[in-house]
Each structure stands twice: as C-alpha cells, then as structure tokens.
Amino acid sequence: MQPLLFVLGIPLLGGFVLALVGHRDGARDVNVAFSAGTFIAACVLTAEIITGGPQFVWEREFFIDALNVFLVTLTAFVGLTTAIFSRPYMRIERDRGKMTPPRLRLYHSMYQLFSFTMLLALMTNNLGILWVAMEAATLTTVLLVSVYRTAASLEAAWKYFILCGVGIAQALFGTVLIYMAAEKVLGAEGGALLWSNLNAVKAQLDPDIVTLAFAFLFIGYGTKVGLVPLHNWLPDAHAEGPTPVSAVLSGLLLNVALYAVLRCKVLADGALHSGLPGRLMMGFGIVSVVAAVFFLIRQRDAKRMFAYSSIEHMGLMTFAFGMGGPIATYAGLLHMTVHSLVKSAIFFAVGHATQKAGTQIMDEIRGLIRVSPTVGWGLMLGSLAILGSPPFGVFASEFLIITTAMREQPWATPLLLIALGVAFAAVFARVQPMVFGDTSVQALPHPPALIPVFVHLGLGLMLGLYIPPYLDAWFRQAAQMLSG
C-alpha cells in the first residue's frame, strides 16, 4: 500500500478522533501518537523516493519528487516535536483556566487537520488542490489562533482570516489564469491543472497570461509567506495564539506557502524567459528583510519579536530564490530547513519562559537561567543560531546568500548586511537580560518538554558543520529543478 496514503490518512483520522476525545486527559498522548505515525509514514515515503526516484500516485493527482519529499519529512518531524512540546504546555494552560475542555478538543483536532492540509499542499500535483489545501490551512489556523477566545486573540484571528482570505482569493484568480493558458496547449481533457503537465509544456504557454497569473499567485501565496506589505496578520497571530501554534506557523505554514510560490515560479520562468519572476521575488524579499528588522527593534512582546524575525528570514529566502542559480537556490533550501528547526525551537523555549513569568513582555522576564537553566540556554542558543552565529546552519546559508549577492546583485549586499547586523543587535540586547538578568520567574508545576528544543538546535548545528550526503543530494536536485 502506498506510504502516501498513511502520510495523509493518519492526520486526517487523528483530526476526527480528537474531535471526539480531544478534551480528555489522554488526548495529549493521542495527539503525539498520531503525529508520530505521520512522521514514520513520511520517513518510509522519503526512503522509497530516494531509492526509486519521483513517482505519481492516484491518477497523477499526487507527485513526489526531490523538491517536496524532504519538506514532507521536515513538516511531519516539526509536527511531532511540537505535539511533544504541547503536552506539558497545554496541561499548564488547562490548570490556569485558559484551556477549557471544549477548547482542548478544538485545539487537538485542528492541530491534526492543520498537519493534513500542509502535507496535502506539499504532495499534490494539482494546482487546484494546492489552492484548496492552502485555504483549508487558513481555516484551521484561524481556529487555532482564536482558541483562547480573548478579545485580542479573536481580533488576531479575524485579521488573519481577512488578510489571508483576500490573498488566497488572488491566488485563485492566478490559478484560473494558469488553467486558461494551459488549456490552449493541453486541451480541456489534458490535465491543464497538473503541475507535471504544465512543466512539460511551460515554454508553449502564453507569456502575457502567465505574467499576469504569476503576479496574482505571488501576491496571493506571498500573503501567507508573510512578505511585506502583506505581513500584518503574522505578528498578531503569533502573539495571541498558543505557543505551539506559533511554532508550526513559523516552522511549517510559511515554508509550504513559499513552496507554492516556487512551483509557480518554475512555470513562469519557463514561459517568460525574462527574469521578471526573479526580480519580483528579489524586490519583495529585500523589502521584507529591511522592513521586518526595523519593526523588530520596537517590539516588547517576545513572541511578536520572533514573529518579525520570521518575516525577515522568509524575505531572505524569497530573495535567494529570486536570484536563482544553483548556489543561491541551494542556500535558500538550506535556510528553509534550518529556519524551520531553529525558529520552532525558539518558540518552544519562549513558550516555557512566558509560562514561568506569566507574561510575554520581555522587560518582565528575567533570570531564566537561574530558575531553569535548560530553558535559559535553549532560548540563548536558539537566538544565537537564528541570528546567524557560526557554526549553526543559519550562518552557512546566510553566508552563501550574501556571497552570491555580492557577485550577482551587489546593490543588495549593503542592505542585507546592515539589516542582519541591526537584527543581531536588537534581538541579542533583548534576549540577554531575559536569560541572565535578576530572576523574576517561577518554577512550573509540570516539567517542561525540553528535548524538542535541543534536538532541533542539535540538527541546526549539524547542518552548519556537516550536511548528510542524501540531504545534500536533495538540495542539489531541487536546486537544479528550480534554477533550470
């Protein structure tokens, strides 16, 4: 039986099961069990693709290749570690009265359905199903962000729904335009929405229609990537939702939205031969990096600060993919991987820190290392890693991006260097007293789940020192596919 069936079926089944029993004491363990099953199935699928090559499943509606197979495994892995982290986190939230039984049932069921939508978006070969999966991801995360039912969380969820709803509507129009261009070449019965078919005939697509289609697709999916000026939903969603939701938003949703943009860019590059998609991505990417850094300086809320950090890094990835070429694309894929691992680890540490202090305001969180050295060191090491300190993987990917920009886009190099320097100073100045200042935090009633923090940071460190051969081969194959 196809492993893909289990990769999609396990979280879908988990969503229905937890909709019934998600309020019970054992629901946290059931959530972890379903996430573990999804991860195991994803590993089996990855091994099958490594040995047998790309494959189509279910009448070519699903397509697994070098570009998406490791993103599937990464998504399942972060989903598992976040489920492990959320066990004690949600127990404390329940004890403090923030999570009632109905809210726990909603959280656990939507968590599994969110995983399902992300995996569906990654593996589908149909641009229409991709759009449906991204829309479903919007609906599930709206419910996750609003789960506390406070005025601030409801406002954040509403903003997220409106902004991403408008964005996803633009992506729908872009998808319709792609179909219009493809139908002229493939015919009505030729599978004009299947990406593999479109990729085979991309040079024959009408360039005028494809130009307009890519503009709408980039704006639509770029809204979910969090690119400036379409980013306003992201800081609020991170700050007001549960911390596990912040971890999967930064670690999973932004990656999947950028993946959708990259699939569309491949088609646009083949049809236009003008470099327009790359220039558009570089422009929005550099604006996002610079703007996010200066928003980041002003933040007092820990989760909002790291949300703006996510916007900065997604802008950097978008810029790298816009430059194109094997080195910049390789660096973008590496950065996508290490950012997912490190940023989710940071949110794990921040979640425990804010629970200890009873607040998300950074000026009121002090001396973490005295009350809980592991939380303190996890936050400090995670911050150093995401700021590009060697020898973590973020340093390696940023080094490749900047050196490539020096050669191919020298105008952008000063902007990138200044932005990264300002970000380092701003975040480090905030995190250092949180970790080493005079203590103001209390011990938690239940031991925090810190293994995910250090597993993620360990993997981020490894990718800065050594990239396993099979992962390197994936990066090279995917970079070749994206850069032509």
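Here is a short briefing on the pockets and salt bridges of this structure. Keep in mind that the model is predicted. The salt bridges come to 12.

**Largest pocket**
- The lining has 19 residues, and those closest to the pocket centre are F70, T73, L459, Y470 and L471.
- Two or more lining residues come from each of α2 (27-52), α3 (69-95), α13 (326-357), α18 (451-465) and α19 (469-483).
- You will find 16 nonpolar and 3 polar residues in this lining, with no charged ones.

**Second largest pocket**
- Here 16 residues form the lining, with E93, K98, T354, T359 and Q360 closest to the centre.
- Helices α3, α9 (233-240) and α13 each give two or more residues to this lining.
- By class, the lining of the second largest pocket splits into 3 nonpolar, 7 polar and 6 charged residues.
- K98 and E93 also pair with each other in a salt bridge, at 3.6 Å from N to O.
- E93 is buried at 2% relative accessibility, whereas K98 is partly exposed at 38%.

**Other salt bridges**
- Within helix α10 (residues 243-272), K265 and D269 sit 4 residues apart, about one turn of the helix, and their side chains meet in a salt bridge at 2.7 Å, N to O.
- K265 is buried, at 8% relative accessible area, while D269 is partly exposed, at 24%.
- R430 and D363 form a salt bridge, with their closest N and O atoms 3.2 Å apart.
- Because R430 lies in helix α17 (residues 413-436) and D363 in the loop between α13 and α14 (368-371), this pair ties together parts 67 residues apart in sequence.
- Salt bridges with shared partners join R300, D363, R366 and R430 into one network.

Technical notes
Residues are numbered from 1 along each chain as its sequence is written. This is a predicted model: local features need pLDDT of at least 70, side-chain atom pairs count only at pLDDT 80 or more; totals for chains, interfaces and linings use all residues. Side-chain values use heavy atoms; hydrogens and water are left out. On a 1 Å grid over the protein atoms alone, a cavity is a set of points where a 1.4 Å probe fits but cannot get out, and a pocket is an open set with protein on both sides within 12 Å along at least five of seven lines; lining residues have an atom within 4 Å of a point. Ala, Val, Leu, Ile, Met, Phe, Trp, Tyr, Cys and Pro count as nonpolar, Asp, Glu, Lys and Arg as charged, and the others, Gly among them, as polar. A salt bridge is a side-chain nitrogen of Lys or Arg within 4 Å of a carboxyl oxygen of Asp or Glu. Buried means under 20% relative accessible area, exposed over 50%, partly exposed in between (1.4 Å probe, protein chains only).
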